[in-house]
Amino acid sequence: MTGKQTTWTIFFIAVVTGLILLSTVIKVDDQLERSRLAVVDMQKQIDKLKAEDEELKHLIVKLTNANLALNKDLDITQELQRKQAQIILDLKKGKRK
């Protein structure tokens, strides 16, 4: 090989190597972009789940408060029924006398 052929061979190898490296960089960049988009999607899903979790917590509080109110109403109703039953007994006793 002459000096000129060697120079062209080295140049050719350098160009091919450069193209291979460029192709690799492009592939890695594409993979990084896909990964970044996947992370963004996951973060959106996490944010959505957090919002749903907060909504569920608020609903639990509302249900707990409603349950407490119902229990209080039930206690009052039972007390009124006991008083009503006592009054009925007292009236029956009064009629017997």
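Buried residues have under 20% relative accessible area, exposed ones over 50%, and partly exposed ones fall in between (1.4 Å probe, protein chains only). R36, at 43% relative accessibility, therefore counts as partly exposed. Keep in mind that this is a predicted model, where local features need pLDDT of at least 70 and side-chain atom pairs count only at pLDDT 80 or more, while totals for chains, interfaces and linings use all residues. Residues are numbered from 1 along each chain as its sequence is written, and side-chain values use heavy atoms, with hydrogens and water left out.

**View A. W8 pairs up with F11 on helix α1.**
W8 sits in helix α1, which covers residues 3–96; helices here are DSSP runs (H or I, at least four residues; strands are E, at least two), numbered from the N terminus. A search of the whole structure turns up one aromatic pair. The ring centres of W8 and F11 are 5.7 Å apart and the planes stand at 90°, so the pair is edge-to-face. For the cut-offs, rings of Phe, Tyr and Trp (its six-membered ring) pair if their centres lie within 6.5 Å, with planes under 30 degrees apart called stacked, over 60 edge-to-face and the rest tilted. Both residues lie in helix α1, three residues apart, or about one turn of the helix. W8 counts as exposed because its relative accessibility is 54%, whereas F11, at 47%, is partly exposed.

**View B. W8 and F11 also belong to a nonpolar surface patch.**
Patches take residues with over 30% relative accessible area and no salt bridge, joining like charges within 9 Å and nonpolar side chains (Val, Leu, Ile, Met, Phe, Trp, Tyr) within 5 Å. The areas come from the Shrake-Rupley method with a 1.4 Å probe, and for residues only the protein chains shown count as cover.

**View C. E33 and R36 form a salt bridge.**
A salt bridge here is a side-chain nitrogen of Lys or Arg within 4 Å of a carboxyl oxygen of Asp or Glu. By that rule the count is four. In the bridge between E33 and R36, the closest N and O atoms are 2.8 Å apart. About one helical turn separates E33 and R36, because they are three residues apart in helix α1. E33 is partly exposed, with 36% relative accessibility.

**View D. D53, E54 and K57 are linked in a salt-bridge network.**
Zoom in on E54 and K57, and the closest N and O atoms of their bridge are 3.7 Å apart. These two are three residues apart in helix α1, so about one helical turn lies between them. E54 is partly exposed at 40% relative accessibility, and K57 is partly exposed at 44%.

**View E. R82 bridges to E79.**
Here the closest N and O atoms are 3.1 Å apart. R82 and E79 are three residues apart in helix α1, which means about one helical turn separates them. E79, with a relative accessible area of 34%, is partly exposed.

**View F. K72 and L37 are 52 Å apart in space.**
That distance runs C-alpha to C-alpha, and the two residues are 35 apart in sequence. K72 is found in helix α1 and is exposed, with a relative accessible area of 56%.
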